[in-house]
Every structure is written in structure tokens, then in C-alpha cells.
Amino acid sequence: MSEFKQTLNSSLGKKLIMALTGLFLCTFLIVHVGGNLLLFNNDNGFSFNVYANFLTHFPPIEVIAYLLYLSILVHALYGLILTVKNRKARPVRYAVAAKSDASWSSKNMGLLGSIMFLFIVIHMGDFWFRYHNDKTMGFKEYRTDLATGETKVSDYTPANAEFSHSVSTENNVEVVRVKDLHARVAYSFSNLIYVIFYVIAMGAVAFHLLHGFQSAFRTLGWVHRKYTPVVYFIGTWLFAVIIPLAFAAMPVYYYYLSTQGAH
Amino acid sequence: MSNGNMNLTLKVWRQKNAQTSGKFVSYKAENISPDMSFLEMLDVVNESLTHKGDEPINFDHDCREGICGMCSLYINGHPHGPKRGITTCQLHMRTFHDGETITIEPWRAEAFPIVKDLAVDRSAFDRIQQAGGYVSVNTGGVPDGNAIPIPKVIADEAFNSATCIGCGACVAACKNASAMLFVSAKITQLGLLPQGQPERYRRVQSMVAQMDEEGFGSCTNTGACEAECPKEIKLTNIARMNNDYFSAKLFREDEVHEQGH
């Protein structure tokens with residue numbers, strides 16, 4: 001076995017892989033939540049649809065996206081391998097459950113991760129897969145009068161099946177035609193069961209990252225009395241509070257809109 | 001008038017040897033003084049078992065003053081009992097109340113096979129130590145004690161890590177039966193000091209390799225080990241070990257491990 005393979009196969013090496021993929025997924029969350037805040041723009045999905053179109057047609061983003069899918073799979077797979085190995089290390093369990101003060105999330109990373117994995121499969125199936133493969137997904141045409149800044153929206157039916165998007169300007173009116181992912185989002189989030197599932201999944205994200213973010217730094221060996229409190233602060237407030245709350249607010253807000261009959 | 005002594009029920013794991021399966025057996029511990037240590041209480045119970053012609057409960061013990069690392073026992077869900085920062089021999093019966101049922105189990109880990117009853121074989125720790133937990137010293141003249149200056153903070157940190165008595169409570173407390181707190185304390189104790197530098201990166205690789213070989217689990221950074229360690233060894237040691245291990249494996253040209261070629 002090569003030196004490199006031996007390193008990655010050691011108990012510490014497997015944890016290194018968990019830490020690096022985990023932190024990469026954390027940085028992705030920041031970008032994902034930032035972009036999706038466009039859902040709160042009350043513009044009939046104009047900015048959100050343009051953003052979704054940009055993500056799927058900009059080559060560097062596509063490369064990073066495949067790196068991201070790989071990270072999710074590797075993180076889940078290694079989590080599974082480590083769990084099996086850890087269970088094997090204690091074949092006979094205690095009659096009295098351990099009462100030491102370890103945080104609940106640190107003891108349930110596998111459970112939280114499984115909920116998140118199920119969520120990712122459903123979430124990507126509903127939006128990512130449909131966006132790429134669903135031929136019935138509609139298009140929208142946004143006509144912006146450049147003089148007044150007013151935008152008019154209408155449904156658009158492409159002339160051929162290969163059409164993906166177009167931007168043109170005629171008579172001082174900018175015409176943007178894009179796939180209407182926003183309608184799909186609004187449709188999905190009008191289902192109460194779906195909204196509840198999203199909120200629970202975001203709870204799992206919160207507790208997973210409450211432990212996971214700082215634990216990754218420990219695994220990498222980056223612990224110091226100067227910056228470890230900063231890592232804890234970011235892990236708690238940004239990754240376990242602000243980001244999950246912002247994500248959870250999206251389905252809740254759209255469900256609220258659907259009950260108001262605004263869509 | 002009551003003399004303040006207690007009557008307790010013990011649920012003790014009895015197992016003949018590693019090959020046979022074990023089970024819990026209940027015993028009455030009567031007229032126990034609150035001033036007894038937990039091990040003295042077990043001595044009293046064993047005394048009465050012997051008088052009755054029963055096999056006494058087998059448990060590990062040696063110095064009975066909290067420094068040898070020999071005593072173990074997983075008491076009511078805690079290695080070394082419910083109090084912090086002490087070993088089982090330093091645990092007094094006043095911690096418990098009259099009429100209480102106390103469950104006593106051995107350390108549970110694949111790497112710590114049961115010898116008999118509550119005694120487990122912790123020689124896995126010895127083998128990890130032998131893999132690199134030392135400083136090689138060639139013979140020669142006696143060096144002057146203060147010839148090598150060491151900053152106070154570093155000396156203190158190294159000493160804190162050196163207080164590990166190798167009892168295995170960290171393994172017993174960890175949900176993954178990981179030995180990382182023990183191994184990292186041994187690595188840190190030597191790795192922080194100038195005398196430990198020449199073998200620093202070889203040491204971390206050999207000891208981690210032996211740790212994996214013994215079948216201990218991985219670290220999830222839950223901190224259960226730190227909470228249960230009778231010597232209050234800090235979780236920071238594990239991060240230090242990881243740092244040394246990864247720099248040895250990924251960045252250091254001069255310390256390529258001999259194994260694996």
C-alpha cells in the first residue's frame with residue numbers, strides 16, 4: 001500500500017476526509033443560502049430564475065457542483081464506514097447508558113446526517129433533477145422597460161425543445177426568457193407536509209453543524225486558545241442558527257403566500 | 001440508633017473468562033460505612049462471598065491512592081463512578097445513598113477483552129506505548145538538569161499530559177471505544193518537550209498505527225473522555241496529535257514511516 005493510501009486509510013485519515021468534505025459543504029451552504037435569499041424578492045421570480053439559469057450555465061460553477069455532489073457522497077460513505085468501525089470497537093454494549101456530559105448532537109451525528117441525506121435526495125430530485133430533465137417545466141418572459149424600470153411578466157412557450165434561455169433588447173425594452181424554476185418552488189412549498197419536512201431537515205442541519213463545524217477544526221488539529229472561540233462562535237451562530245433559520249424561512253414564507261392566494 | 005451505615009444492592013457483571021459469556025448477578029452489600037472507598041466496599045462483599053464459599057468478584061486494583069491506573073469499573077454509567085477527576089479507589093461510599101442499587105460493569109471495548117468478571121486486559125495500551133511512547137537516551141555522562149531551557153507554559157502543558165495514568169477510562173467512556181485521549185496524551189507529553197523532538201514525527205505515526213491495529217474506534221470529538229478522565233486530560237491533546245500526524249504524513253520528507261514500503 002502506498003504511503004498516501006495508508007495515511008488516508010488510517011483512523012485519522014478517514015476523519016481527515018470527513019473534516020475536509022464537511023467544511024467544503026459548509027462553504028457551499030453560505031453560497032446556497034445567499035443565492036436563495038432572492039426568493040424573498042417580490043418580483044415574480046425574475047431574479048431567482050435568472051440566478052438559477054446562471055448557476056446551470058456558467059462552466060466553473062458546474063465543475064464545483066460536481067465536486068460538491070462527490071463531497072456529499074464521500075462524506076456520507078465515510079460516515080457510514082466509520083460508524084460501522086466504531087460499533088465494532090464496542091461489540092458488547094453497557095447495561096447502563098453512558099451519562100457523561102457530551103452534547104446530544106455530537107452523539108447523534110449519524111442520525112442527523114441520515115436525515116440530511118434523505119433530504120438532499122428529495123430536494124435534488126424535486127428541483128435539480130426537474131430543472132435539468134423535466135421537459136414540462138414552463139418558461140417565463142420578463143419584459144423590462146429600461147426607461148421606467150417596470151417589469152412585466154408573462155408565460156413563454158419556446159419555439160423548439162432545445163431552447164434554454166435568451167436575453168435581448170428591443171425598443172428600449174429588455175426581454176429575458178428563462179426556465180421558471182420559481183413556479184416549481186412556489187408549487188412545492190404550498191404543500192404543508194413538504195414544508196414541515198423542510199423545516200425538520202433544517203433542524204437536522206442546525207444540530208449537525210453545531211457539533212460538526214468545530215469538530216472538523218479539531219480533527220484537522222487546528223485548536224488554539226486564540227482562534228478556537230471564534231470557530232465556536234461561527235459554528236454556533238452562522239452555521240447552526242442563521243443559515244438553517246434563513247433556509248427554513250423560505251418554505252414557511254412561500255406556504256404563507258400560498259394560503260394568502262398571492263400565487 | 002442508626003450508625004449511618006448503608007445497605008446497598010450491587011448488580012455485578014460476572015464472567016468466568018474471555019471465552020464464556022457473562023451475566024449480571026445481584027449481591028447485597030450490608031452495613032457499609034460511608035467512609036469506605038468503593039474498593040473497600042467490594043473487599044467487604046468479597047469477604048462475605050468467600051465465607052459463604054462463593055467465588056469472590058474479580059476486579060483490578062493496586063496502589064489505592066489514585067496514581068497507578070490499575071483500578072477501573074464502570075459504575076452506574078460512569079467510568080470510575082459519578083464523581084469527576086478521581087479514580088474508583090478514591091471514590092467514597094458517601095457518594096451513594098442508603099438502599100441504592102449500583103450497577104458495576106467492566107470497561108467495554110473490543111481492544112480490552114475481559115480477563116475475569118470486572119477485570120479487563122489493557123495490554124493494548126502497553127503495546128501502543130512500546131510502539132513509540134518513549135525517548136531514546138544513549139548512555140553517557142549525566143546531563144545537567146537545567147541545561148535545556150523550557151518555557152514554563154510548555155513545561156506545564158507537558159506535565160498536564162504526563163499525568164495520564166493509562167487507566168482506560170477514556171476508552172470506556174467513548175461511544176466509539178476510541179483510545180485517542182490516551183494516545184494523544186502520551187504523544188503530547190513527549191512531543192512538547194525538547195527531548196522528545198528527534199523522534200516526534202516517527203512516534204506519532206508508530207503509535208497511531210498501533211492504536212488502529214488494536215481495534216480502537218475513531219474520535220467524534222464528543223468530549224466524553226475529557227469529562228470522565230480521572231486526571232482531567234484535555235481534549236486539546238487529540239487536536240495536537242492530529243496536527244502532528246498530518247504534518248508527519250503529508251508534509252514531512254524526513255520522517256517517512258518505515259512501514260508500508
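1. **Ground rules.** Residues are numbered from 1 along each chain as its sequence is written, while chains are lettered from A and ligands numbered from 1 in the order in which they are written. In this predicted model, local features need pLDDT of at least 70 and side-chain atom pairs count only at pLDDT 80 or more, but totals for chains, interfaces and linings use all residues.

2. **Chain A, layout.** Chain A has nine helices and four strands. Helices here are DSSP runs of H or I with at least four residues, strands are runs of E with at least two, and both are numbered from the N terminus. Read from the N terminus, the order is α-α-α-α-α-α-β-β-β-β-α-α-α. The C-alpha atoms fill a box of roughly 75 × 45 × 40 Å along the principal axes.

3. **Chain A, burial and contacts.** Of the 263 residues of chain A, 27% count as buried. Buried means that 20 or more other C-beta atoms lie within 10 Å of the residue's own; exposed means 12 or fewer, and partly exposed is in between, with C-beta atoms placed from the backbone. Take the contacts in chain A with a separation of 6 or more: 77% of them join residues 24 or more positions apart. A contact is a pair of residues whose C-beta atoms, placed from the backbone, lie within 7 Å.

4. **Chain B, for reference.** Chain B has eight helices and seven strands. Its C-alpha atoms fill a box of roughly 70 × 40 × 35 Å along the principal axes. Of its 261 residues, 44% count as buried. Residues 24 or more positions apart make 70% of the chain B contacts with a separation of 6 or more.

5. **Annotated spans.** An unreviewed UniProt entry places the feature "transmembrane region" at residues 16-40, 63-84, 109-129, 192-210 and 230-256 of chain A. UniProt positions follow the numbering used here, feature names are shortened, and annotations may be inferred rather than shown by experiment. In the model, residues 63-84 of chain A are 100% helix and 0% strand, with end C-alpha atoms 32 Å apart. Residues 109-129 of chain A are also 100% helix and 0% strand. The end C-alpha atoms of that span are 27 Å apart.

6. **A helix pair.** The axes of α4(A) and α6(A), residues 109-133, come within 11 Å and cross at roughly 150°. Axes are lines fitted to C-alpha atoms, for helices over the stretch in contact, and angles run from 0 to 180 degrees between N-to-C directions. The crossing is left-handed, that is, the near helix is turned anticlockwise from the far one by less than a right angle (right-handed if clockwise). From α4(A), A:Ile72, A:Ala76, A:Gly79 and A:Thr83 meet A:Gly110, A:Gly113, A:Phe117 and A:Ile120 of α6(A). By class, this contact has four nonpolar, four polar and no charged residues. Ala, Val, Leu, Ile, Met, Phe, Trp, Tyr, Cys and Pro count as nonpolar, Asp, Glu, Lys and Arg as charged, and the others, Gly among them, as polar.

7. **Where the chains meet.** The contact takes 37 residues from chain A and 40 residues from chain B. On the chain A side, α1 (3-9), α2 (11-36), α4 (59-88), α5 (104-107) and α8 each supply at least two residues. The largest share, five residues, comes from α2(A). The chain A side divides into 16 nonpolar, 10 polar and 11 charged residues.

8. **The core.** The largest nonpolar core has 107 residues. Such a core is a set of buried Ala, Val, Leu, Ile, Met, Phe, Trp, Tyr and Cys residues joined through C-beta atoms within 7 Å. B:Cys170, B:Val171, B:Leu181 and B:Val183 have the most contacts inside this core. Helix α8 of chain A, residues 192-220, gives the most to this core, with 13 residues. **Two residues with positive phi.** A:Asn172 has a positive phi of about 60° although it is not a glycine. A:Asn172 sits in the loop between β3 (166-170) and β4 (173-179) of chain A. A:Asn172 counts as exposed because it has 10 C-beta neighbours inside 10 Å. B:Asp117, also not a glycine, has a positive phi of about 45°. Its loop lies between β6 (114-116) and β7 (119-120) of chain B. B:Asp117 is buried, with 22 other C-beta atoms within 10 Å.

9. **A:Thr228.** This residue lies in helix α9 of chain A, residues 228-260. A:Thr228 has 16 C-beta neighbours inside 10 Å, so it counts as partly exposed. A:Thr228 and A:Gly110 are 118 residues apart along the chain, and their C-alpha atoms are separated by 24 Å.

Definitions and conventions
Contact = placed C-beta atoms within 7 Å.
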